[in-house]
Structure formats: C-alpha cells, structure tokens
Amino acid sequence: MKQRTSTLLAVAALTAALAAHAQQPAKKASPQAKAAAPAKSDISKEFEKFREVLEEDNPAELFEAKGEDIWKNKKGPSGASMAQCDLGLGAGVVKGAYVRMPRWFADVGQVMDAERRVVHCMIKYLGYKEEDIRKQPFSNVNKTPDHVSVITYVAAQSRNMKIAAPQKHPKEVETYNIGKEIFAYRAGPYDFSCASCHGADGMRIRTQDLPNLRKPAEAIRAYQGWPGYRMTGGFMLTQQWRMNDCFRQQRFPEPSYLSDSITALLAYMTVTANGQVYKGPGIKR
Ligand code: HEC
C-alpha cells in the first residue's frame, strides 16, 4: 500500500488517455482483416509500461482486503462462516485453491470455476441471497459487489503459483472438451466463434491485441491479471465478466451468470495455461 496517492494519480491520468480507446463492441469488426497489422499497437505498449509500474501498488489490494475481511470475519445466519467453505483443498483452505479450479466438487456433483464456487459458499455459509447476487453480478462505478472482493482475495492467495487445473475426474475432462467445442463454435449474425478473434496469432481490434488462446503461452492471458482492476472506472472485474463481454463481442446472447458454458470455457483456457505462473489480481484497462 505504498505510494497510494501517486498510483491513483497515475491511474487517473492513464484512465483519461484510455477512455478514448475504451472497449466497444467491434462494430465493423473483421478481426481477420486486421491480422496483418504490426505486432503491437503503440497504445498497447504504452499500457504495458504503465501496468508494470502500477502492479507494484495495485489498487486491487483494496478489494483484496475487503474480501479477506468477509472471508475471515463474516458469519452467516446460523453462525456458519467461510471457514467451512471447501475450495477443493479442504475446508477453509484458500492458499493455492484458485489456480486449481475449475475442478470437480463432489458435494454438489459439479465442476465449478473459482467464481462459481466462491458464490456458492457465500450463499451456503454466509446467507447471501442468490437472487441479490444475480441482480448485480459484476462491478460498476457505483458498486463492486462483495462476492467480487472475496474472489479477489481468493485469487490473491494463489499469487506466484503455478496454474494446475486438474483433469482427473471424468467430468473435469468432459468439461474441458465442451469448452474446447464452444470455443470453436461459430454462430450469430457475424458467424463468429471465440476462435475468430482468439484462434490465430497477431490479431487485433482497433488498439487491442487479441491473444491466441489456443496456445499455452497466450492462454495464460485468460488468467493473468484477472480479477482485474479496471482503470476506466475504478472497480474490479472478474473472468466471468470477461467471458460475458466476449459473448457480446461475438454478438451472442449473454449467458446467465455462473452458467455451465462459462465454466467449460474457463476449464478449456485454464487447462491450456496449466504450468504457467499466476501473478495475481492485476490491472486491466
Ligand atoms: C469480435 C472479437 C471477439 C470475439 C468473437 C471474442 N473476443 Fe475475447 N476479446 C476481444 C477483445 C476486443 C478483448 C479485449 C482485449 C484487450 O483488453 O486488450 C478480448 C479479451 C478476451 C480475454 C482476456 C484477454 C486478456 O488479455 O485479458 C479472454 C480470456 C477472451 N477474450 C476470451 C474469449 C472467449 C472465450 C470468447 C468466445 C466466447 C471470445 N473471447 C470471443 C474480442 C473478442
């Protein structure tokens, strides 16, 4: 938490610069057509430089602290707490859990990604209401919901650990395969799939470089820096938000929050990134 003021000033300055380039639906997007563009846009390079400075003192820490407080101190209606929550490594164990999801959870008979599991526990043990969470699943300038802070805390407890999403249980393998299929599935008004924008090297929309998520070295970008502090707005966004926004990019109907198809896509991308080091919650523009 050093240099908080200077960081926030830097964030404000870059925010203004980036606002003009804020992500918009790719209206006339033809990612293939841009594939021949030079490797990285100037604004992307500029952003990378800022990110390195900012990640030293990431405002995500504020949300991490709030999430930690909820995880450790909040009690549910019957006195239950997150100490009973099993993220896959045993009740109450947070360290290293984030990089080992999505995984099979026998208690619910489902493969769950981290966000889904955390929300499940907050409902089960702390008495949060599912319908309230569904009312505002993602952050906006007015509010970063509690579950997003808890996810940020859980993610931070896997900082500098290797991604190791398991592929042992048959349902874990099945979920990965479904995710792989969804990734390649073309439909909608532009006949796009995820792969249309993220299935080849060097693609770009406007100033945004699009990772080739089929390659391990770039699939890490589905993970790295998420949850991310969004500079254009000043709030935290999760992987689930990223997925919904890409469904929008793709002109597909937005999936409902915590749906099976998102878990499957996350399983596909996470397993592809297995073995790489997760550096923790980050900064996104
Ligand atoms: C029309 C193009 C388009 C389609 C189709 C699309 N995306 Fe994206 N995707 C984007 C853009 C633009 C970004 C933002 C890149 C940035 O922030 O620099 C992005 C970012 C991402 C990121 C985060 C990368 C990072 O560096 O943080 C992930 C993960 C992702 N997309 C996954 C998907 C998945 C999964 C699908 C299919 C459901 C999909 N995308 C479909 C355009 C698309």
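Two strands pair if DSSP finds at least two bridges between them. Helices (H or I, at least four residues) and strands (E, at least two) are DSSP runs, numbered from the N terminus. The structure is a predicted model, in which local features need pLDDT of at least 70, side-chain atom pairs count only at pLDDT 80 or more, and totals for chains, interfaces and linings use all residues. Residues are numbered from 1 along each chain as its sequence is written.

View A. Strand 6 pairs with strand 7 (residues 235–237) in the antiparallel sense over 3 bridges. Within this pairing, Arg230 has Phe235 of strand 7 as its bridge partner, and Gly228 has Leu237. The two strands form a hairpin with 4 residues between them, and Gly233 in the turn has a positive phi of about 140°.

View B. A contact here requires C-beta atoms, placed from the backbone, within 7 Å.

**View C. Strand 6 and its parallel partner.** Strand 6 (residues 225–230) is mostly covered, with 6 of its 6 residues buried (20 or more other C-beta atoms within 10 Å of the residue's own, C-beta atoms being placed from the backbone). Strand 9 (residues 281–284) pairs with strand 6 in the parallel sense over 4 bridges, and Gly282 in strand 9 stands opposite Gly228.

**View D. Crossing of helix 8 and helix 12.** The axes of helix 8 (residues 170–184) and helix 12 (residues 260–273) come within 7 Å and cross at roughly 95°. Helix 8 is therefore roughly perpendicular to helix 12, a term covering angles of 65 to 115 degrees. Residues of helix 8 in this contact include Tyr176, Ile182 and Phe183, and those of helix 12 include Leu265, Tyr268 and Val271. By class, the contact divides into 9 nonpolar, 4 polar and 1 charged (Ala, Val, Leu, Ile, Met, Phe, Trp, Tyr, Cys and Pro count as nonpolar, Asp, Glu, Lys and Arg as charged, and the others, Gly among them, as polar).

Key: A residue is buried if 20 or more other C-beta atoms lie within 10 Å of its own, exposed if 12 or fewer, and partly exposed in between; C-beta atoms are placed from the backbone. Axes are lines fitted to C-alpha atoms, for helices over the stretch in contact, and angles run from 0 to 180 degrees between N-to-C directions. Angles under 35 degrees count as roughly parallel, over 145 as roughly antiparallel, 65 to 115 as roughly perpendicular and the rest as oblique. Two residues are in contact if their C-beta atoms, placed from the backbone, lie within 7 Å.
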